[in-house]
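Here's a quick briefing to read with the model open next to you. It starts with the whole chain and then moves on to strands and charged pairs.

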Amino acid sequence: MNQDTRPSLVTASLETGTPPAGWPVFDFKRFVVLRGRMIAVTTLFLAIPTVVAAWLFVPVGYTASADIRLLSAEPFVLEKPEDDTPYATYVNTQISIVTGNAVLSDVLKSPTVRDLPLLSSQDDPLEYLKGCVSAHISRGGEIITITCSMPEKEAARITLEQIVSVYMNYSITLVASMSDERLAWLTRERDARQVELDMQLEKIATLEKTLGIPVVGETPLETGEPQLYNESLIRAEEDLVKAQRSQAELQNQMTLAEALTDNVSKGLPAYDFGLEERVSADSRVSALRGEVVMAQARLAGASDIERENLPTRKIDEKRLASLRDNLQTVERDVRKEVLQSFQAQQSREFDSLTKEVEEAQQRVSKYKQLLDEYKGRVEKTTEQYAQLKDLESKVAETRSILDEVRSNIASIKVESNAPTRVQLVAPPSVPGGGPDYLPRIVGMLMAGAASLGVGVSLGVWRELTDQQLRSSQDLARLTDLPVVATIPHADEDSVPDKVAIPLVTERLPLSTLADAYRRVLAQFLHPDRGSVRDMGSLLVVSPTRGDGKTSLTCNLGVALAQAGRRVLLVDLSYRHPKLEKSFGLPEAEGLAEILSRCRAPNELLRQTHVPGLYVLGPGQDKDDLAGRLASREMSNFLVKALEEVDHVILDSPPWLIMADARLVALLVSSVLVVVGSGVSSLGMVARCLRELREIDAKVIGVVLNGARLTVGGYMKKNYELYHSYGEEMPSEMDRATPLIRRKAGSAGHESAR
């Protein structure tokens with residue numbers, strides 16, 4: 001089969017034991033075919049004793065009945081119902097009362113009922129009576145039918161009469177007592193509501209007096225007070241910011257003036273803050289500077305003779321130097337005085353600004369506090385107003401309830417003489433005729449239905465838990481690969497014990513088994529599937545042991561040999577070799593020697609008693625065979641073997657148990673999968689097919705082996721037609737002959753051949 005056009009396989013998990021994706025959870029047809037007999041046997045096994053028990057132990061009896069009408073509304077004179085309970089709830093309550101302990105206990109207290117032999121002989125008369133009495137309401141009506149079923153006719157009538165009498169008295173008494181209790185309760189409720197109303201009105205008056213702010217509509221009235229506070233707060237905050245900014249600037253100046261102190265102490269000039277201008281304006285400094293200027297001018301304007309007079313010149317220069325020193329000293333002292341005066345002035349200004357900041361902060365705090373107090377009053381007023389409105393709504397509700405309570409009190413006083421809500425329509429009576437067999441019949445039907453339910457449940461459980469593959473339909477649901485043949489079980493064809501299944505094609509060529517094996521060959525010979533000449537080497541695999549690989553291998557080899565082909569059967573199962581035994585040959589050298597000792601295939605091929613059919617066993621060096629199945633020698637062996645014979649068919653170990661078949665699957669031309677009915681599970685088959693697909697093995701089809709005939713199935717009909725083919729058409733008597741007799745006759749006819 002071409003790899004690209006090979007249908008996809010459905011995958012599944014062997015470990016979990018669950019069906020693969022897409023597998024139907026429940027197949028009804030398969031369920032009926034496989035589980036029908038078990039369901040029928042289980043149902044009969046359970047139904048017969050349970051039905052007999054129902055007939056013996058479910059008593060027949062007489063049923064007395066009475067009808068009571070429950071009005072949907074009380075016939076009040078004021079046309080205003082007191083009870084707001086839904087009608088369905090009211091009816092169910094009355095049914096519970098009729099069949100409950102309260103009424104039935106009073107019934108048993110009556111001497112006419114207590115002395116009845118049927119009741120006096122009971123261990124628990126109350127429980128027995130509860131089982132006899134029932135009540136139900138007619139659909140869409142107001143009638144309650146009360147029934148009492150007992151084995152004795154008169155006992156049923158007397159008991160029901162007493163039940164109706166007790167219930168009617170109970171209802172009338174209950175209505176009267178309920179009216180008195182309701183009147184007393186309503187009176188207490190009226191007084192309590194009046195007290196509650198007075199307290200609510202008092203709270204409203206108190207709240208109205210304590211409202212701190214006028215209220216307009218539903219909110220407090222806005223006044224000019226908060227606006228005035230906001231404006232004053234804004235001004236105070238502006239003054240605070242301004243004072244803080246001035247204070248910060250003055251602080252910076254004081255820091256700078258403090259830094260000038262060291263320079264002034266060293267006699268350096270200080271040009272910041274106009275200090276030098278103030279020093280120059282000092283009278284002492286200006287006088288000394290004038291003298292220095294005059295001395296300098298005198299030295300500069302002296303004549304040449306005066307300049308040559310050194311003593312005079314030196315005196316003038318000393319005087320100028322003295323003036324300059326004196327000037328520096330005075331300037332330093334004056335500069336210190338000016339700086340100290342400036343710092344003192346800054347300190348006074350800083351103290352003044354600090355007071356301004358404190359005053360501004362106090363004003364800000366004051367107006368914020370006033371605003372908070374105003375907001376608190378507003379919130380309190382709003383809360384009080386909400387309480388006031390809530391109290392007003394409660395007052396309205398209390399007044400409404402109080403008015404309703406007063407109205408109900410008046411209604412009860414007027415309605416005290418109104419008719420009752422319960423009326424007796426039909427008195428207790430027992431229909432004429434014989435006893436009622438309906439309970440017994442119902443019990444028998446229920447016993448039969450329960451038995452059938454157990455049988456079906458058991459069948460469903462078995463169907464859901466049984467994962468064994470049974471039919472070709474199961475295979476078709478697992479894979480799209482063709483089911484090339486369905487080989488029946490040997491027991492279905494009455495194969496003699498002395499005939500080995502691997503040689504049934506040779507020994508019983510006219511049997512259904514042989515025909516099924518030849519059907520496998522016919523599938524290969526079909527033109528649409530390619531000629532058998534192109535098949536070359538074929539690997540026969542199965543998921544597990546017992547699926548019938550060896551039987552299929554032998555019978556397929558015999559069929560090909562009978563068709564004039566030269567066929568070689570190779571046994572890869574070195575742990576459990578069967579091919580040589582199937583043809584009555586002893587174990588000898590085989591495949592292991594060919595692969596490990598390079599022996600020629602034609603030297604070790606063994607001729608069977610079937611012309612053209614050869615067998616090659618696993619050999620005697622079995623330990624070496626496992627490691628050489630995927631070797632180049634194995635591939636060369638297949639090539640050389642096909643030069644000697646037309647076809648090589650390899651019998652492999654179970655696919656899921658050993659890895660040998662996986663090693664050879666890619667070396668052969670095609671693979672054929674054999675699945676044993678009732679041997680491999682659905683998960684095992686799906687896993688085997690999935691792994692074949694994963695290694696790209698060329699699977700040409702699936703064979704179902706060991707299939708059982710099912711009653712009413714197509715395989716059963718084909719089996720009958722196969723054995724009757726070639727015989728005369730059966731007469732009417734022959735058509736009535738059981739299948740087993742015709743089957744035995746066909747087997748005898750075949751043996752005669």
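Of the 753 residues in the chain, 39% are buried, where buried means under 20% relative accessible area, exposed means over 50%, and partly exposed is in between (1.4 Å probe, protein chains only). Keep in mind that this is a predicted model: local features need pLDDT of at least 70, side-chain atom pairs count only at pLDDT 80 or more, and totals for chains, interfaces and linings use all residues. Residues are numbered from 1 along each chain as its sequence is written, and side-chain values use heavy atoms, with hydrogens and water left out.

**The chain overall**

- You'll find 27 helices and 14 strands here; helices (H or I, at least four residues) and strands (E, at least two) are DSSP runs, numbered from the N terminus.
- Take the contacts between residues at least 6 apart in sequence: 80% of them join residues at least 24 apart, a contact being heavy atoms within 4.5 Å.

**The open sheet**

- Four strands line up as β2-β3-β1-β6 in an open sheet of 4 strands with antiparallel pairing; two strands count as paired if DSSP finds at least two bridges between them.
- At the edges sit β2 (133–137) and β6 (422–429), each pairing on one side only.
- From one strand to the next, the twist averages 20° (axes are lines fitted to C-alpha atoms, for helices over the stretch in contact, and angles run from 0 to 180 degrees between N-to-C directions).
- β2 and β3 (residues 143–150) run antiparallel and are joined by 5 bridges, with H136 opposite T145 in β3.

- β8 (residues 537–541) is mostly covered, with 5 of its 5 residues buried.
- S537, L539 and V541 point one way from β8, L538 and V540 point the other way, and all are buried.
- One partner is β12 (residues 647–651), which runs parallel to β8 and is joined to it by 4 bridges; here V540 stands opposite D651.
- Another is β13 (residues 670–676), also paired with β8 in the parallel sense over 4 bridges, and L539 stands opposite V671 there.

**Around T512**

- T512 lies in helix α16 (residues 512–525) and counts as buried because its relative accessibility is 8%.
- I487 is 25 residues from T512 in sequence, while their C-alpha atoms are 8.1 Å apart in space.

**Salt bridges**

- The whole structure has 21 salt bridges, each a side-chain nitrogen of Lys or Arg within 4 Å of a carboxyl oxygen of Asp or Glu.
- E142 and R69 form one of them (3.0 Å, N to O). This pair links distant parts of the chain, with E142 in the loop between β2 and β3 and R69 in β1 (residues 62–70), 73 residues apart.
- R157 and E154 meet at 1.9 Å, N to O; they are 3 residues apart in helix α7 (residues 153–209), so about one helical turn separates them.
- R597 pairs with D621, their closest N and O atoms being 2.6 Å apart. R597 is in helix α19 (residues 591–597) and D621 in the loop between β11 (613–616) and α21 (622–625), 24 residues apart.
- Shared partners tie E589, R597, R599, E603 and D621 into one salt-bridge network.
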